[in-house]
Amino acid sequence: MNSTKKAIFASVLLACLFNGRQADAQPRGVSGIVIEKYAPQSGSFPACTHIDHSGKVEIVTSGDRLFYRADSKSPFRQSPISVLADAHAVVFNPIEKRFYATDTGNHRLITFADPASDQWDDFATSLAGVKLQRPHDIVCDAATGWMYALNPNSGQVFRFMGSGSSVSVLDLSKHLGYSRALTISDGTLYVVGSSHGVVVEVTDFEKQEFEIHSSFGKKTNAVAGSWQGTGLVPNDVDFYQGYWYATSYFCPTYAGEHNCDEHKFIRFKTWRDFKDGTWEDLSHLLPGKVVPYFLTPHSKGLDIGVFSHETRGASACIYRLTTATTEQ
């Protein structure tokens, strides 16, 4: 090889190495995404797992209390409803004009019309003859009026009308371990299998038909962990602006020697991507050492409830993800 060819070869090699390093150093596939703290304006909630949007009313589920406001410009106020224990989620039923909450620590569902009032009703301690055991999530399909709730340890999903009539149960115990969340997207129900790292797509609840989407890189069944130690441990999965977004229960306590912030918040286009691991890791857009929990998509963005597993009440807040196509 003559000197000219050597020089050309060396310059090409250096360019390739340089570009490779540049590519590794650049965040991939996050152009146009912004994640900012949404609430509270300062400080922290006592706890935070979920935010519900009903018109202009916002309700944050915060452990033993609910916090609400009538519009996004006002500060959050503590609801006078004071019977909750470790509540995880709230949903609004637009047909009944009432809210339903998972009173997780008390093993029941409660309902109320106004978070500013102390009036509430004990809705259910069992459904379809099955006792509720730490119900975690509750969702409402506004198009049909069906509501769904989840027993996390047994893999049982309940479907009912707000009146409590026409109750049925889908038993996924053979396919799920510990499960934290339910999602309705485009009229389809999804059940998030946390410890198994799967998402069950319920194609027909009446016929008990479903499809299981398994995550890439699952190493062991666990209720919490780290990407390197356990693989994904999904808290929630939801669809927003053409992407599926998923959170995982990763934190220092369960991660041990591994990085607790790697792949705790990801997005992907298809369930094939979920299975193959061809997702985008957005974890660096959130604070370190916090657990991203339930997701709430709406016209203004994708809201993410986060908290610190180790220091409760220190970093509990709502973050909001927006994209270039988000409605302003």
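**View 1. Cys140 and its opposite number.** In this predicted model, Cys140 faces Met147, a residue of strand β13, directly across the pairing. The two strands meeting here are β12 and β13 (residues 147–151), which pair in the antiparallel sense over three bridges.

**View 2. The four-stranded open sheet.** Step back from that pair and you find an open sheet of four strands, running in the order β12-β13-β14-β15 with antiparallel pairing. Look at the edges, where β12 (138–140) and β15 (168–171) stand: each has a single partner strand, so one side of each is left without a neighbour in the sheet. From one strand to the next, the twist averages 20°.

**View 3. The largest nonpolar core.** Here 36 residues come together in the largest nonpolar core, and those with the most contacts inside it are Phe45, Val60, Tyr249, Phe268, Trp271 and Ile318. Which elements give two or more residues to this core? They are the strands β1 (34–39), β17 (188–193), β21 (243–248), β22 (265–268) and β24 (291–298), together with the helix α4 (271–276). The most comes from β24, which gives three residues.

**View 4. Tyr249 and its contacts.** Let us zoom in on Tyr249, one of the residues with the most contacts inside the largest core. Setting aside neighbours within four places in sequence, Tyr249 is in contact with Arg180, Val223, Ala224, Gly225, Val233, Asn235, Val291, Tyr293, Phe307, His309 and Arg312.

How values were computed. Residues numbered from 1 in each chain as written. Predicted model: local features only at pLDDT ≥ 70, side-chain atom pairs only at ≥ 80, totals over all residues. Heavy atoms only, no water. Pairing = 2+ DSSP bridges. Axes fitted to C-alpha atoms, helices over the stretch in contact; angles between N-to-C directions. Core = buried A, V, L, I, M, F, W, Y, C linked by side-chain atoms within 4.5 Å. Buried < 20%, exposed > 50% of the residue type's maximum accessible area, 1.4 Å probe, protein only. Contact = heavy atoms within 4.5 Å.
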